[in-house]
Amino acid sequence: MRGFGAEYVHLVVLDTNVYLHHERKLEDLNLADELGLGIGTIRLVVPMVIVNELVKAKLAGGDKS
């Protein structure tokens, strides 16, 4: 996708399971390598439906809250 200036931008939406069950923290992931995107900027999009699911998981408790 071309936008946000002159560079290429990849819009990425991660599934709720990545936030809840991935063995590494999000800041420790190299999303460009994991997704095979190469060079360019990655913009992480977090839709409200994902936020709501994360809130529900936190309120439910358990080891992932």
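**Thr16 and its contacts**

Modeller: To start, a polar contact of 2.3 Å links the side chains of Thr16 and Glu53. A polar contact here is a pair of N or O atoms within 3.5 Å; within protein, one must be able to donate a hydrogen and the other to accept it, and residues adjacent in sequence count only if both atoms are side-chain atoms. This is a predicted model, where local features need pLDDT of at least 70, side-chain atom pairs count only at pLDDT 80 or more, and totals for chains, interfaces and linings use all residues. Residues are numbered from 1 along each chain as its sequence is written, and side-chain values use heavy atoms, with hydrogens and water left out.

Colleague: Is Thr16 buried or exposed?

Modeller: Thr16 is buried, at a relative accessible area of 5%. Buried means under 20%, exposed over 50%, and partly exposed in between (1.4 Å probe, protein chains only).

Colleague: Where does Thr16 lie, and what does Thr16 touch?

Modeller: Thr16 lies in helix H1, residues 16-21. Helices (H or I, at least four residues) and strands (E, at least two) are DSSP runs, numbered from the N terminus. Not counting residues up to four places away in sequence, Thr16 touches Ile50, Glu53 and Leu54; contact means heavy atoms within 4.5 Å.

Colleague: Salt bridges next. How many does the structure hold?

Modeller: One. Arg24 pairs with Glu34, and the closest N and O atoms are 2.7 Å apart. Arg24 sits in the loop between H1 and H2 while Glu34 is in helix H2, so the pair ties together parts ten residues apart in sequence. The cut-off is a side-chain nitrogen of Lys or Arg within 4 Å of a carboxyl oxygen of Asp or Glu.

Colleague: Why would such side chains pair at all?

Modeller: Side chains of opposite charge can pair when their charged atoms come close.

Colleague: How accessible are Arg24 and Glu34?

Modeller: Arg24 is partly exposed, at 38% relative accessible area. Glu34 is also partly exposed, at 46%.

Colleague: And which residues does Leu29 contact?

Modeller: Leaving aside neighbours within four places in sequence, Leu29 contacts His22, Arg24 and Glu34. Leu29 is in the loop between H1 and H2 and is buried, with a relative accessible area of 13%.

Colleague: Changing topic: what is the order of elements?

Modeller: From the N terminus on, the order is β-α-α-β-α, with three helices and two strands in the protein.

Colleague: Which element has the highest mean pLDDT?

Modeller: Helix H3, residues 48-60, at 93; helix H2, residues 31-35, has the lowest among the elements, at 84. The protein averages 82, and 83% of the residues score at least 70. pLDDT is the predictor's confidence in each residue, from 0 to 100.

Colleague: What comes just after H3?

Modeller: Gly61, which takes a positive phi of about 80 degrees.

Colleague: Last one: how much of the protein is buried?

Modeller: Of the 65 residues, 17% count as buried.
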